[in-house]
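Dear colleague,

I am passing this structure on to you, and below it you will find my notes on what was found in it. Please read them with the structure open beside you.

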Amino acid sequence: SAAPAIAPSILLCDYAKLGQEIADLQAAGAQLMHLDVMDGHFVPNFTFGMTIVEAARRSTDLPLDVHLMMENPGRYLKQFREAGADVLTVHEEVCRDQQELADLVAEIRELGALAGIAINPPTPLEKIDQVAADCDLILCMSVMPGFGGQKFDRTALDKLRTLHEREDVDALLEVDGGVNLETIADCAQAGANLLVVGSAISSGENYEKRFRQLEQLIR
Ligand code: DX5
Ligand code: ZN
């Protein structure tokens, strides 16, 4: 299978120059952008909504991978899609049951985007076992979402391996949180196709150099 792709998160970027930050990440080798939407309810932090997604859309032609860390995502899917999201990922933890999750997946697909489902470190795979075979992306969180720069939780690796081995699952597998020079190779080995990297890129003074160092570890 193809080498996994690094999806830089703009969470810790300088929003006063968002367009330039995205251009720099693209020049460094990014093949898609990961955008972290936080609502201050589902996670104890705020970031941005569709206004910034739309601004990112005008800054790049790369796919926008929009991670919705929010309650009631169904209410806003259309607006995020219209703002330019190519992938919309919703959390299992905000759903009553797997039927609600499946309905969100269907809505996202009807809007013409790829449909992702995300699970936090404490959430077992059983919570998505019926939806896993019929979605486009599964995001295994390797930190409790809310903040960049946290320590990688290795339980995500077991989930990735299990999903990778499931014959009926052909969704892209994504991992997010604490992915850095120490942990990225294990993520790739466990079967992740998309590696979200926040602080390990944005803390470096040179995005391109950091990008190349990370890429070398997954080739
Ligand atoms: C976690 C976010 C992540 C985060 C990753 O709350 O969903 O996308 O920005 O940042 P790092 O790589 O610093 O853990
Ligand atoms: Zn994220």
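Leaving aside its neighbours within four places in sequence, L62 is in contact with Q26, A30, Q31, L32 and M33, where contact means that the C-beta atoms of two residues, placed from the backbone, lie within 7 Å. L62 itself lies in the loop between α2 (50-59) and β3 (64-69), the helices (H or I, at least four residues) and strands (E, at least two) being DSSP runs numbered from the N terminus. L62 and L32 are 30 residues apart in sequence, yet their C-alpha atoms are 5.2 Å apart in space. L62 counts as partly exposed because it has 18 C-beta neighbours inside 10 Å; a residue is called buried if 20 or more other C-beta atoms, placed from the backbone, lie within 10 Å of its own, exposed if 12 or fewer do, and partly exposed in between.

Please keep in mind that this is a predicted model, in which local features need pLDDT of at least 70 and side-chain atom pairs count only at pLDDT 80 or more, while totals for chains, interfaces and linings use all residues. Residues are numbered from 1 along each chain as its sequence is written, and chains are lettered from A and ligands numbered from 1 in the order in which they are written.

As for the overall fold, the secondary structure of the protein comes to eight helices and eight strands. The radius of gyration, taken over C-alpha atoms, is 16 Å, close to the 17 Å that the globule rule gives for 219 residues, so the protein is as compact as a globular protein of that length; the rule is 2.2 Å times the number of residues to the power 0.38. The C-alpha trace spans about 45 × 35 × 30 Å along its principal axes, and 46% of the 219 residues are buried. Among contacts between residues at least 6 apart in sequence, 64% join residues at least 24 apart.

Two positions deserve a look together, since the UniProt annotation "active site", from an unreviewed entry, covers D36 and D176; such annotations, given in the numbering used here and with shortened feature names, may be inferred rather than shown by experiment. Although these two are spread over 141 residues of sequence, they cluster in space, with a largest C-alpha distance of 10.4 Å. D36 has its place in strand β2 and counts as buried, with 24 C-beta neighbours inside 10 Å, whereas D176 lies in strand β7 (residues 172-176) and is buried with 27 other C-beta atoms within 10 Å. Not counting residues up to four places away in sequence, D36 touches S9, L11, T47, H67 and M69, and D176, on the same terms, touches H67, L139, M141, S142 and V196.

In α8 (residues 207-216), Y207, R210, F211 and L214 are buried, and they cover an arc of only 100° around the axis, which puts them on the same side of α8; the arc is that of the directions from the helix axis to the C-beta atoms. The face of α8 turned away from this side carries the exposed residues K209, R212 and Q216. In α5, A156, L157, K159 and L160 are buried, and seen down the axis they fall within an arc of 160°, so they line one face of the helix. D158 and E165 are exposed on the other side of α5, and its buried residues pack against β6, β7 and α6.

With kind regards
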